[in-house]
Amino acid sequence: MTTLTPQKPAVPQPGGNIPAGSRPVREPAWLELVDAVREAGQYPTRSEAESVTRVVLSALGGHVVGDERVDLARALPEEAARVVASQIPATRPLTAAEFVDSVAARIEGATPATARWDVSSVLSVLPPLVGDELVTRVLAQLPPGYALLFGRAELTPA
């Protein structure tokens, strides 16, 4: 079993020293990720971009397993790593269209078209952050169709 490095745990320990009702200070790397999503998706507020980022990473976290999930969590900012690593693995892989529909169901007022925009806005900022090699490994785990969501062309054999 692969374990996470002690410098950057993917899952926080519950019951930390944060007083009830107060919000933790956002780490700069998390804010940079949210700002990249905000720019990619042209969201009007950081809050909206943060909400979309959490929903999409949460959905992705249920579909990436094994070493790729661990490596993805290691490569992401700590808060994003918690979102990915805290998900229960999905019982069956979703097609890319089903994945987008599952995200649409989690966002109030979303349609499949707006959810595809949201998913692409988040996933397309990941390759520069986590590296192309890891994205290639993640895509190898997922059914065909996800590459476009990550901003990559998906070539199929003729």
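This briefing covers the fold, helix packing and selected loop residues of a predicted model.

The protein has 8 helices and 0 strands, where helices (H or I, at least four residues) and strands (E, at least two) are DSSP runs numbered from the N terminus. Local features need pLDDT of at least 70, side-chain atom pairs count only at pLDDT 80 or more, and totals for chains, interfaces and linings use all residues. Residues are numbered from 1 along each chain as its sequence is written, and side-chain values use heavy atoms, with hydrogens and water left out.

**Overall fold**
- Along the sequence the pattern reads α-α-α-α-α-α-α-α.
- Of the 158 residues, 41% count as buried. Buried means under 20% relative accessible area, exposed over 50%, and partly exposed in between (1.4 Å probe, protein chains only).
- Take the contacts (heavy atoms within 4.5 Å) between residues at least 6 apart in sequence: 68% of them join residues at least 24 apart.

**Helix 2 against helix 5**
- Helix 2 (residues 46-61) and helix 5 (residues 96-106) pack at about 135 degrees, with axes 10 Å apart. Axes are lines fitted to C-alpha atoms, for helices over the stretch in contact, and angles run from 0 to 180 degrees between N-to-C directions.
- The two helices are therefore oblique to each other. Angles under 35 degrees count as roughly parallel, over 145 as roughly antiparallel, 65 to 115 as roughly perpendicular, and the rest as oblique.
- Helix 2 passes helix 5 in a right-handed crossing. A crossing is right-handed if the near helix is turned clockwise from the far one by less than a right angle, and left-handed if anticlockwise.
- Helix 2 contributes V55, V56, S58, A59 and L60 to the contact, and helix 5 contributes F99, V103 and R106.
- These contact residues divide into 6 nonpolar, 1 polar and 1 charged. Ala, Val, Leu, Ile, Met, Phe, Trp, Tyr, Cys and Pro count as nonpolar, Asp, Glu, Lys and Arg as charged, and the others, Gly among them, as polar.

**Helix 3 against helix 8**
- The axes of helix 3 and helix 8 come within 10 Å and cross at roughly 145 degrees.
- Helix 3 passes helix 8 in a left-handed crossing.
- D67, E68, D71, L72 and A75 of helix 3 meet L134, R137, V138 and Q141 of helix 8.
- This contact divides into 4 nonpolar, 1 polar and 4 charged residues.

**Two faces of helix 8**
- L134, V135, V138 and L139 are buried in helix 8 (residues 132-141).
- Down the helix axis, these buried residues fall within an arc of 140 degrees, so they line one face. The arc is that of the directions from the axis to the C-beta atoms.
- They pack against helix 3 (66-75) and helix 7 (126-130).
- The face turned away from the buried side carries the exposed residues E133 and A140.

**Helix 4, enclosed**
- In helix 4 (residues 78-85), 6 of the 8 residues are buried, so the helix is largely enclosed by the rest of the structure.
- The buried set is E79, A80, A81, V83, V84 and A85.
- Their cover includes helix 1, helix 2 and helix 3.

**Loop residues**
- Q42 sits in the loop between helix 1 (28-41) and helix 2. Its phi is near 55 degrees, a positive value in a residue other than glycine.
- Most residues other than glycine have a negative phi.
- Q42 counts as exposed, at 64% relative accessibility.
- R92 lies in the loop between helix 4 and helix 5. At 46% relative accessibility, R92 counts as partly exposed.
- R92 touches H63 and E98, not counting residues up to four places away in sequence.
- R92 and H63 are 29 residues apart along the chain, and their C-alpha atoms are separated by 8.4 Å.
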